[in-house]
Amino acid sequence: MKKIIIITAAFLGLVFTACENELDLNSPNDITVDQYWKTESDAQAGVNSIYAMFYKDGLWARWIYFRLDLTSDEGYSVSPWTELADWTRFNYINYNFWEGNAVTWRDTYKAIFRCNQVLANVPNITFQNEDDKKKIIAQAKFLRALNYYYAAVIWEDIPLVLDPSTPADLPQQKKVDEIWAQVEKDLNEAYADLPAQWTSDQTGRPDKGAAKAFLAKLYMQQHKWPEAKTALEYLITGSGARYGLVTNYRDNFTDVNENNSESVFEIQFGDQRKGGTGEDPNAAVSSNRSQFFAPRGIGWSDGQARFWLVNAFKEEKNKDGNLDIRLRWTLYYPQLFADFGDKTYGRDWEWNNNEAWFRKGSRDYYRNNEDYYSQVNYRLVRYADILLRYAEVLNELGNTAQAYQYVDLVRARVNMNNLAVAHPEIGIDHDKFLERLKTERVLELAGESVRWEDLKRWGDLNTQASVDKIALRDPDFKNFKVGKNHRMPIPQTDVDNNPNLEQNSGY
């Protein structure tokens with residue numbers, strides 16, 4: 001399923017730790033950079049070490065979900081850990097707060113450091129097959145682009161580091177447009193040398209489709225609609241059109257049928273190692289998300305869903321007059337048993353009013369609790385997202401009538417009526433179509449870490465009037481300051497230690 005990456009990746013952290021303050025320590029038991037980077041196997045292990053960063057606390061093992069899901073209007077926190085909950089309420093006091101900010105910043109730049117090591121050193125290694133070298137370099141470029149993409153979504157104006165860093169470096173801060181430009185360059189160069197598909201023993205590595213998908217996301221965030229259209233067409237109608245929606249919607253959120261036809265790029269998680277998230281050979285390769293987002297008594301319950309999501313699902317019935325089946329697999333909520341006959345983790349539950357929790361990625365199908373070692377892969381991009389993005393792009397380009405069919409493909413999978421039948425009032429009105437598409441993306445993608453970038457792309461965080469509308473469904477947005485909270489503060493220690501770095505405006 002996903003063994004090649006996660007088995008070989010973890011030990012590289014011993015060689016390639018990326019915190020600058022660690023680079024000046026030479027252990028006699030470790031291989032130095034000068035001694036390394038000699039063989040093809042060095043290069044392969046080096047690129048695998050980048051994938052190992054997916055399993056670190058600051059990134060996709062745990063804390064990044066608090067930024068992408070809970071900071072948006074889909075989620076929130078009532079954790080008794082007040083500072084943790086405050087960082088989902090836009091109450092940022094200590095900019096160095098580890099779990100809310102600093103560890104994600106650190107691990108992002110550790111991942112970038114590992115990419116830069118590969119990009120600086122692998123070109124000098126002799127390979128028997130030059131194509132193998134190109135694929136390794138392309139993976140590093142893709143993964144550097146991925147990490148800079150999310151860093152730009154979260155912080156915007158950040159240092160752009162393109163060479164292996166040293167302890168004395170004071171990298172220059174760049175405007176977000178320059179970050180976007182580098183992401184675009186990396187993705188285009190990665191696309192050129194990535195394969196159209198990997199063999200089954202290399203599952204989990206990015207291919208050309210993944211590069212085009214992230215190019216589309218990048219272009220859309222910049223409102224470069226023609227470029228986004230071209231990128232998306234590779235996956236939908238072009239030479240990369242090999243994707244399709246799986247019949248069972250739930251198959252996108254369990255460890256059953258992973259890496260299926262709907263998957264464009266997903267993080268490979270496993271539960272075969274029960275260590276921590278450090279650099280030791282037994283470090284875990286699992287996700288902690290379900291532990292931190294599970295209902296009370298099952299996990300830590302530090303993050304949960306807003307109840308307006310439940311109401312959104314119930315606004316429209318399917319063709320048979322029944323509830324949208326996506327509600328069943330997206331959320332736990334008080335009426336779940338009455339609506340679908342499902343108990344929460346098989347238990348009778350004491351519910352509070354208007355309480356909901358994210359179900360996607362949970363392991364309730366064979367467990368009665370959660371822990372730190374979820375093996376459920378995380379789908380960063382799936383084909384349903386691509387189809388809805390294409391509809392959005394067509395609408396922005398004045399082709400609203402053509403956009404309907406791509407929304408209808410997503411709706412048909414779950415037996416919903418065609419959009420024109422269900423909502424004839426939309427017609428070919430651009431604004432009405434976009435407003436409906438915002439709901440369609442929620443119904444399909446809620447709890448999948450896309451909502452924050454959606455809100456930013458739509459400009460819903462840019463005016464007080466639009467923020468006030470969001471606050472009606474998420475009271476945390478009453479604390480949101482326009483012109484400030486659309487991006488996070490940079491960890492203050494980095495600002496204090498680097499004269500080339502300024503704190504984001506408003507902080």
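## Lining of the largest cavity

Strand β8 gives three residues to the lining of the largest cavity, and that is the largest share. Bear in mind as you look around that this is a predicted model. Two elements, α10 (289-293) and β8 (378-382), each supply two or more residues to this lining.

In total, 16 residues line the largest cavity. Those nearest its centre are Lys 360, Gly 361, Val 376, Asn 377 and Tyr 378. Sorted by class, the lining holds seven polar, five charged and four nonpolar residues.

## Cavities in the whole structure

For the largest cavity, the volume comes to about 170 Å³.

## Helix α14

Let's turn to helix α14, which covers residues 383-396. From its first C-alpha to its last, this 14-residue helix reaches 20 Å, close to the 20 Å expected at 1.5 Å a residue.

Is α14 mostly covered or mostly exposed? It is mostly covered, with 13 of its 14 residues buried, that is, under 20% relative accessible area. After α14 comes Gly 398, which has a positive phi, near 85 degrees.

## The annotated span

An unreviewed UniProt entry lists residues 262-507 as "domain: RagB/SusD". In this model, the end C-alpha atoms of residues 262-507 are 41 Å apart.

Technical notes: Residues are numbered from 1 along each chain as its sequence is written. This is a predicted model: local features need pLDDT of at least 70, side-chain atom pairs count only at pLDDT 80 or more; totals for chains, interfaces and linings use all residues. Side-chain values use heavy atoms; hydrogens and water are left out. On a 1 Å grid over the protein atoms alone, a cavity is a set of points where a 1.4 Å probe fits but cannot get out, and a pocket is an open set with protein on both sides within 12 Å along at least five of seven lines; lining residues have an atom within 4 Å of a point. Grid points are joined across faces, edges and corners, and a volume is the space filled by probe spheres set on the points. Helices (H or I, at least four residues) and strands (E, at least two) are DSSP runs, numbered from the N terminus. Ala, Val, Leu, Ile, Met, Phe, Trp, Tyr, Cys and Pro count as nonpolar, Asp, Glu, Lys and Arg as charged, and the others, Gly among them, as polar. UniProt positions are given in the numbering used here, feature names are shortened, and annotations may be inferred rather than shown by experiment. The expected span of a helix is 1.5 Å times one less than its number of residues. Buried means under 20% relative accessible area, exposed over 50%, partly exposed in between (1.4 Å probe, protein chains only).
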